[in-house]
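Hi,

Here is the structure I said I would pass on.

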Amino acid sequence: MVDLREKKWLEWLEGIDPFSAGYLSCDSEYHTIRLACALRNYWSSMPAIIKSDDRLVGRMSPCGIGGFGFGSGIYCNTKLAEELKQQFPEWQEYIEALVNFWLERIPASRISYQENERFMNGQNVYWAGWGGHAVLGFEKVLAEGTHGIRKTINYYLPKEHDPEKRAFRYALLIVCDGIDSFALNYAKSALDMIENETDEKRLRELATIAYHCSNVPKHGARTFPEALQAFWFIHLLDGNDSPGRFDQFMFPYYQRDIESGNLAQNEAQDWIDHLWKRFNDTRSWNVCVGGLKPDGNDGTNDLTFMALEATRRIKKVAPNLSLRIHKNSSQKLWEKAIDVIETGVGMPALYNDEVFVPALMRYGISEEDARDYAMNGCSQVDIQGKSHIGLEDGEMNLLKCLELALHDGFDPNNKHQVGLHTGDPKGFNSFDQIWQAYIAQVEYFSKRLTEASNIVQKAHAETSPNLFRSLFIEGCIEKGLNFKAGGPKYNHGQILTQGIANTADSLAVIKKLVFEEKRISIDELLDAIDNDFPDESLRQQLIHEVPKFGNDDDYVDNIAAQVIDHFYRHLNTYKTWRGGIYGGGSIVFTRAVSFGGKVGATPDGRKAYTPLADSVGPTQGRDLNGPTAVFNSVAKIPQILAQSAYVLNIKFTPAIVRNDKDKVISLFKTYFSKGGQQIQVNVVDKETLVRAKEYPEQYEGLIVRVGGFSGYFRHLSPAHQDDVIARTEHLL
């Protein structure tokens, strides 16, 4: 049996996998300290590569066999291990031992998936096995640097008697050392490049880079460019996640430089444009701008407009730009937002403070903190620098719950009993019995899903403490608890849901045609869906002779509201392992296709294994009364119950947005005034999408809004392309 701490092996490993070498070389008995040493060694050893067009510097190199990601936690790269075994056969036994070492320490080592195999294969839920997104508190590191964070840690250390918490805080100091080493390597690299540079402009840029990297993020930033560089280092080391309220925490540095005459607005825009290109290069996530400040005043400022302008100019899929709007937002801001949306990039997505703030306050979040919410990832919600609530802990397929209710908990897709026995619907004599069977399945799977999510949360906290995030999230240093173990101020959870319109439409068919009008029997309906509608005339009857969600018809809209009211209120009865409450939202991502692919034909006339509704809006093509009707239907849902985003897709032709901007703005304002949470817009005509699918090489730059994020149309699967094409193209 090999000794992984053998000197010759560690010397060799240092050049291949500094992360693993750092962990193995650390003498501490505490996992947190050894993990901190691994991170410090990895960051300190990383080549400081500065490209010719870099103004903001910092690039990450891949980890080795062992590594850490904000989503994965500790991971083991078995593919790389196999390559290294072939390349270095003399170390094969050691490499195999290292793989086993890390596999025993990854989160999956604490999670039993086997017992949930049938539960998962039914595709009734998506069980998130990763650590999730976050929005860091950048203010402190920009103002005080890692030097100031060290002071905070050292304030609590002498008072701490718990050895685990002391070790955690010592680990945080080591991580600060790693951050500083990473930045100083870039200062040295820039100085080295100066010796061989002849271009005067680039010489000045390299000198500025060297100066900035010598100062930040160790010390507080003094200028706007310094603040940008400090931000970029922290953002990069976090894994290129979500910057959050960029225009708020960067504005003091911008304002100071503008007022002192050290910076012109066009220069600031150049810096922002450069940052946006770096965001796209790294596929960074969500930037949030606009909205209320914690004190209740409007936070819109010059950087809000510059962020919008950068998105308009760069026209890339990243970063995912979110714009917060409230009742006092200026007409100028609305017009700028529509100008950017008109480009077709699917951004900014619009978020309504008048609904989000009270929705978050339902969870015990103070009004001041709730006003400081930001989006992360695609569209999930966090409190900037104070929470671990902004990840998708799991997702629920409501339409699958109805399918199971119609089959006594038996899944026709995988041929297993995966749900509760709720009775054979052929013996039901009222719609209420169908409804009770449906909500029993929803509650059963909600319980299973939250239990599974809590297992994942515990596994991540124990195996993969996120030391880096613990530095930048309020509460972690003070409590002596890591970001994943209840350290943050708020520790709620988010379970997302799909198939809302399909479920409501299907329940409406059962209620109206089977139990009220008795035009078809439940036996006939079940036989039709079990055989994927052999009688097309019956399918058309189900589609056209019963109201469909999205047409401002109270008959079905009230059912949809009941579906959501039940689901979200029931979620609130479950507690997260990390110390909060489960809430809900609906961000479809790509699950409209994958979830739909596991659900047979349904009473709304949907064919077997076809996509679900791709947002909280109507099923594709079933809205026939225009966008106002769509907004009216969706606004009847109690969206204040959705603590995560309640995402609505809408599609307009370019001509509509270009020629009727005032009408579009008025429509959006009205929806928000009625309680709508979010809007995301595709600006593209159906003919363009059809051609782009047929001739992808001619439309390489075509961007569409998918289910909470923007992506290149050519990169979507054929099924996802068809889903976007099928969305109703609205006229005003």
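This is a predicted model: local features need pLDDT of at least 70, side-chain atom pairs count only at pLDDT 80 or more; totals for chains, interfaces and linings use all residues.

Residues are numbered from 1 along each chain as its sequence is written, and side-chain values use heavy atoms, with hydrogens and water left out.

**Cores**

The largest nonpolar core has 201 residues, and the members that touch the most others are Trp9, Trp43, Phe224, Phe246, Trp276, Tyr438 and Phe668. Helix α8 (residues 163-194) gives this core its largest share, 14 residues. A core here is a set of buried Ala, Val, Leu, Ile, Met, Phe, Trp, Tyr and Cys residues joined through side-chain atoms within 4.5 Å. Buried means under 20% relative accessible area, exposed over 50%, and partly exposed in between (1.4 Å probe, protein chains only). Helices (H or I, at least four residues) and strands (E, at least two) are DSSP runs, numbered from the N terminus. There is also a second, separate core of 23 residues, with Ala349, Phe356, Val357 and Cys378 among them.

Neighbours within four places in sequence aside, Trp43 is in contact (heavy atoms within 4.5 Å) with Met60, Val175, Gly178, Ile179, Phe182, Asn185, Leu237 and Phe468.

Helix α2 (residues 18-25) is largely enclosed by the rest of the structure, because seven of its eight residues are buried. Those seven are Pro18, Phe19, Ser20, Ala21, Gly22, Tyr23 and Leu24. Their cover includes α1 (7-16), α3, β1 and α5 (92-103).

**Pocket and cavities**

The largest pocket holds about 430 Å³ of space. It has 19 lining residues, and nearest its centre are Tyr42, Met60, Phe68, Gly69 and Gly239. At least two lining residues come from each of α3 (31-45), β1 (66-69) and α10 (224-237), with α3 giving the largest share, three residues. The lining splits into twelve nonpolar, six polar and one charged. For those classes, Ala, Val, Leu, Ile, Met, Phe, Trp, Tyr, Cys and Pro count as nonpolar, Asp, Glu, Lys and Arg as charged, and the others, Gly among them, as polar.

How many cavities of 30 Å³ or more are there in the whole structure? The search finds three.

On the terms: on a 1 Å grid over the protein atoms alone, a cavity is a set of points where a 1.4 Å probe fits but cannot get out, and a pocket is an open set with protein on both sides within 12 Å along at least five of seven lines; lining residues have an atom within 4 Å of a point. Grid points are joined across faces, edges and corners, and a volume is the space filled by probe spheres set on the points.

**Cysteines**

With a disulfide taken as a pair of cysteine sulfur atoms within 2.5 Å, the count is zero. For Cys26, the closest cysteine sulfur is that of Cys37 at 3.3 Å, which is too far for a bond. Cys26 counts as buried, at 8% relative accessibility. Cys476 is in no disulfide either, and its nearest cysteine sulfur, in Cys176, is 13 Å away. Cys476 is buried too, with a relative accessible area of 0%.

Most residues other than glycine have a negative phi, and most peptide bonds are trans. Here are some exceptions.

- Val216 and Pro217 are joined by a cis peptide bond, omega about 5°; Pro217 sits in the loop between α9 (200-215) and α10.
- Ala318 to Pro319 is cis as well, with omega near 0°, and Pro319 is in the loop between α14 (302-314) and β6 (320-325).
- Lys315, in the loop between α14 and β6, has a positive phi near 55° and is partly exposed at 45% relative accessibility.
- Lys518 has a positive phi of about 50°, lies in the loop between α22 (500-516) and α23 (522-530), and is exposed, at 61%.

Cheers
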